[in-house]
Amino acid sequence: MKYSAWSQEAALDVLATLREEKGAVLMALQALQKEFGYVHQEDVALVANFFNNSRADVHGVLTFYHDLLTEPPTENQISVCVAEACQAVGSRKLEKDLKAKFGKEVHDGYCFGNCALGPSAMVNGAILGRASVDSIAKARV
Amino acid sequence: MKIYVPGDSAAISVGADEVAQAIAAKVNGATIIRNGSRGALWLEPMVEIETDKGRTAYGPVSVSDIDSLIAADFMHGGAHPLSLGESEKIEWLASQDRVTFKRVGIIDPLSLADYEAHGGLVGLRRAISINSAEIIEEVTQSGVRGRGGAGFPAGIKWKTVAGAVSDQKYICCNADEGDSGTFADRMLIEGDPFTLIEGMTIAAIAVGATQGIVYLRSEYPYAIKILQKAIDIAHAFGWLGSSILGSNFAFDLKIRVGAGSYVCGEETAMLESIEGKRGVVRAKPPLPALEGLFGKPTVINNVLTLSTIPAVMADGADAYKARGVGRSLGTQVFQLAGNIKRGGIVEKPFGISIEEVVNGYGGGTLTGEPIRAVQIGGPLGAYFGTDKFETSLDYESMLAAGGMLGHGGIVVFDDSVDLAQQARFAMAFCALESCGKCTPCRLGSTRGVETIDLIIQGVKVDENKKLLLDLCEVMTDGSLCAMGGLTPMPVKSAMINFPEDFTGEVSRR
C-alpha cells in the first residue's frame, strides 16, 4: 500500500480535518496511520498539543490498540485469523507456515467475521476465505 | 436482466468480485446487483438470475464456470451442474424463520426503493405517529432482549434512558463483533444497512436522543464502506438530519471505527474508545443508561437488537413474541462456523436444539470427521460435547446446561481438537486482550496460561487442576466485566466435559 512521507506540516493537515470532533485522539492516530502507514514518534506531541491532552494520555491510547503501529509497515500486510473458528479448520498450522515463509509481514488477526469459510486472512486489506499459503502468496503484491 | 452477485465480504473472500467482473465482461445487457448474502455461505459465491418465475440460483460459482453457465443459458434459468433451482425453494433457506434477516440477500443493500418495497420504513413511520411511551411499551411487550449476549430486555433499558433528564442523549450501536464464530452483525450491515439505521432512529425517537454512533470494528472494512454509503443516502433522502422524514424529530448518525481491541466490545470500554481513550472498562454503577457517552444518558444496543426493532414496530409486539420459548422470545440469528460442512446464518425461533442447528442445518464437519466439540457464544462461551446436543438454544436452557447463548455463534470442532489447548487459548486471549483495570483478569489470565501449561506437561496434574478451578472462581466472582468474568467458562467447561484431555498424558485418547 502507498503512503505519504511524514512531515510535521502534513501531519498537522491531517489533524486539522478533525478539529470539530469530540474525543478525537484515537481517530487522530488512526487518521495519521492511514496517511503515513504508521504513527510517527513526533505525532504523540502533535496530537497532545492539538487536542489539548497530555502526551501521557496520547501515548496510552497509542499503546493500547493493536491496530496502531509505531514503525513503518512492511510492503505487504498479511493478517491471519488465529481465533477459534479458524483454529477449527487449521489456522494454527497456516499461521506457522506463513510466518516461516513471509516473516514480519504476518500478523495474528482475531476474527474477520468470515467464520464459516475459514481459515480467513486479510492481505493488504482484502479478505480471503479458505485461505492457504498459496492463495495468500498470490494476493501479495 | 438482473443478476445478483453478493457483495458480502464472505462471498468476496471466495471470489465474488472476480465472478461479478467476469459476468459483466461476458454477458451482454446484464445489470449486476451486489446484494448481501442469503447466508448459505458454503454456496458462495451464489449467483442469482431474475427470471419471470422469480430468482434462480447457481452456486458455488467460480470464474471458470462462467463459460459453461452461459452455454447452459443460465440467463434464462437453464440447467447446469451448479443449478440450485429457485432461490426461495432452497430447503436450507426456506425452512428458516427470517425476521431480523428478512431482507438480507434479497434486496440491493443501498437501494432505498428496494428497502421500502420490502417493508422498510413502516416501523419508523409508525414510531413517528405514536408517542415515546407507546414505542417503549411495544418494544417491552415484544420481549426483545439484548442480542449482544447479555440478554437484557431492550424496552427496560430504553425506558431508563427516556426517563433521564439531559440536554443530550446518545444511541450507541455496538458493532464491535469480536467474538470468533459470529458474523451476523457484519452480514446485516453489509446486506441490509437501512434496517440498522431504522432501528437506531426509532430508538432515538423513543428516548429523545439526537445523536447516534455506530462503533464498528476495523476488521470489517467492507461493512464500514457500505454503512457509510447508507448513512449518506439516508441523509440525502431527508431521513437522517434535522427532520426525520419531515417530522419534528432530529437524528444524526456517525461511524466510529475500532482499532483492534476485543475488550472494546464490552459496553463501557466501547464508550471510552468512542471518547478517544484507552478501552478501559468502567465500573458500574453509574449505568451507561444514565451516565454513558461523554457522561450523558446513552442507549447501548447490539446491531441485531436494533435491527430487530423495525420488525417489532411494523408487525407489532404480539407477532414477534409469538415465536420462541419461555422468556426467550422471538428469533435468534444463529451463526454456524468453524469446521462445518454447511456454515452460515440460521435464523430460527429460540428453542431449536443444538442438534438441529449443527447436524440438521450444518450437516456435520467439513473434514467429514466426527464432531467432538462445539463452542457456543463466542470465545467466552462453553465447550460442549455431542451428549449436550439436545439442549434447547435459548438463554435459560443454555445457562442451566452450564453455558451461554451469547451472540448466537456456534463453532464446530472435529475429533482432532485438543480441549486443553482450547482452554489454554481462552486464557491466553484474555491475557492479550485484558484492559488491565482489574486484577483477577489482568493477572489471573496469565497465571491461567501457566497453570494449564503445567497440566499439559503432566506436572502435579491433580494439584494444578484444583488450583486452576480455584483461579477460575476468583476470576468469575472478582472481575469487573464479562471478559475476565467469563473467560473461566470455556476453561471450566472444557475440563468438566472433556476430562480425558486434562490428564497430562500425551496419548490420552
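Colleague: Leaving aside neighbours within four places in sequence, which residues is Cys173(B) in contact with?

Modeller: Two residues are in contact if their C-beta atoms, placed from the backbone, lie within 7 Å. Once neighbours within four places in sequence are left aside, Cys173(B) is in contact with Leu196(B), Met200(B), Gly212(B), Val214(B), Tyr215(B), Asn301(B), Val303(B) and Leu306(B). This is a predicted model, in which local features need pLDDT of at least 70 and side-chain atom pairs count only at pLDDT 80 or more, while totals for chains, interfaces and linings use all residues. Residues are numbered from 1 along each chain as its sequence is written, with chains lettered from A and ligands numbered from 1 in the order in which they are written.

Colleague: Which members of the largest nonpolar core touch the most other members?

Modeller: A nonpolar core is a set of buried Ala, Val, Leu, Ile, Met, Phe, Trp, Tyr and Cys residues joined through C-beta atoms within 7 Å. Buried means 20 or more other C-beta atoms within 10 Å of the residue's own, exposed 12 or fewer, and partly exposed in between, with C-beta atoms placed from the backbone. The largest core here has 193 residues, and Trp158(B), Cys172(B), Cys173(B), Ala203(B), Val357(B), Val374(B) and Ile410(B) touch the most other members. Helix H10 (residues 193–207) of chain B supplies the largest share of this core, ten residues. Another core, of 20 residues, lies apart from it and includes Leu29(A), Phe50(A), Val61(A) and Ala259(B).

Colleague: Is Gly238(B) buried or exposed?

Modeller: Gly238(B) counts as exposed because it has 12 C-beta neighbours inside 10 Å. Gly238(B) sits in the loop between helix H11 (221–236) and strand E8 (252–257) of chain B. Helices (H or I, at least four residues) and strands (E, at least two) are DSSP runs, numbered from the N terminus.

Colleague: How many helices and strands does chain A have?

Modeller: Seven helices and four strands. Along the sequence, their pattern is α-α-α-α-β-α-α-β-β-β-α. Of the 141 residues of chain A, 43% count as buried.

Colleague: At what angle do helices H2 and H4 of chain A pack?

Modeller: Two packed helices are described by the angle between their axes and the distance between the axes. Axes are lines fitted to C-alpha atoms, for helices over the stretch in contact, and angles run from 0 to 180 degrees between N-to-C directions. H2 (residues 25–36) and H4 (residues 55–64) of chain A pack at about 60°, with their axes 10 Å apart. That makes H2(A) oblique to H4(A); angles under 35 degrees count as roughly parallel, over 145 as roughly antiparallel, 65 to 115 as roughly perpendicular and the rest as oblique. Val25(A), Leu26(A) and Leu29(A) of H2(A) make the contact with Asp57(A), Val58(A), Val61(A) and Leu62(A) of H4(A).

Colleague: And at what angle do H19 and H21 of chain B cross?

Modeller: The axes of H19 (residues 461–478) and H21 (residues 488–497) of chain B cross at roughly 150° and come within 10 Å. That makes H19(B) roughly antiparallel to H21(B). Lys465(B), Leu469(B), Cys472(B), Met475(B) and Thr476(B) of H19(B) meet Pro488(B), Val491(B), Lys492(B) and Met495(B) of H21(B).

Colleague: How many residues of chain A are in contact with chain B?

Modeller: 34 residues of chain A are in contact with 44 residues of chain B. H2(A) gives the most to the side of chain A that touches chain B, with four residues.
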